Amino acid sequence: MRALTETEVREAFVNASEEELRLLRLPHDFLLVDWDYLDFFAWRDPSGAKRGYVLMQEDDRVIGVVLHASGPGRMRSGMCNICHTMQPGNQVGLFTARRTGDAGRRGDSVGTYICADLSCHENVRLAHPLAPNEVRAPGQVDMRLDGTTRRMENFVGRVREPVP
Ligand SMILES: [Zn+2]
């Protein structure tokens with residue numbers, strides 16, 4: 001995705017309340033983010049609050065979604081629904097996002113299990129490392145990340161889906 005400024009990040013959120021935007025903290029390494037390498041940008045609020053954020057590029061627009069981590073993870077290990085990596089129970093958790101528009105005002109939300117630190121991008125690579133003889137050219141599509149990106153797109157889509 002293209003590089004974003006802090007202002008662009010803050011203006012991207014489609015389901016955030018004013019209070020949430022006020023409390024939003026960027027990751028400590030925001031200025032070091034390697035945007036070229038990312039298909040989406042996700043992080044936990046560094047304040048330790050039970051919030052996380054996902055940003056995705058949709059054509060020229062950037063769409064941001066605020067996530068709420070609900071409670072501790074499951075006791076047993078579980079699979080992240082975004083990157084499909086198996087994680088110990090405390091490293092995968094249920095995240096919910098308030099839907100946009102009327103649905104959100106009625107309190108409607110969507111939820112899914114995601115890596116607790118939201119680092120699916122990293123985790124999918126760690127779980128499926130390249131074989132020693134595999135070399136990836138810069139800019140080449142990474143098939144393993146493809147599914148992860150698609151599932152994150154679907155999730156963000158559900159947040160924005162208009163209610164019939
Ligand atoms: Zn994940």
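The largest nonpolar core of this predicted model has 31 residues, and Ala42, Val54, Val65, Cys115, Cys120 and Val156 touch the most other members.

| Element | Residues |
|---|---|
| strand E1 | residues 40-44 |
| strand E2 | residues 51-58 |

In general, nonpolar side chains in soluble globular proteins tend to be buried together.

Leaving aside residues up to four places away in sequence, Val54 touches Phe40, Ala42, Gly64, Val65, Leu67, Met152 and Val156.

Now to strand E1. Because five of its five residues are buried, E1 is largely enclosed by the rest of the structure. Side chains in a regular strand alternate between the two faces of the sheet. In E1, Phe40, Ala42 and Arg44 point one way, while Phe41 and Trp43 point the other way, and all are buried.

Strand E1 pairs with E2 in the antiparallel sense through five bridges, and Phe41 has Leu55 as its bridge partner in E2. Six residues lie between the strands of this hairpin, where Gly48 adopts a positive phi near 90 degrees.

Of the 164 residues in the chain, 27% are buried. Among contacts with a separation of 6 or more, 56% join residues 24 or more positions apart.

Methods
Residues numbered from 1 in each chain as written. Predicted model: local features only at pLDDT ≥ 70, side-chain atom pairs only at ≥ 80, totals over all residues. Buried ≥ 20, exposed ≤ 12 C-beta atoms within 10 Å, placed from the backbone. Helix = DSSP H or I, 4+ residues; strand = E, 2+ residues; numbered from the N terminus. Pairing = 2+ DSSP bridges. Core = buried A, V, L, I, M, F, W, Y, C linked by C-beta atoms within 7 Å. Contact = placed C-beta atoms within 7 Å.
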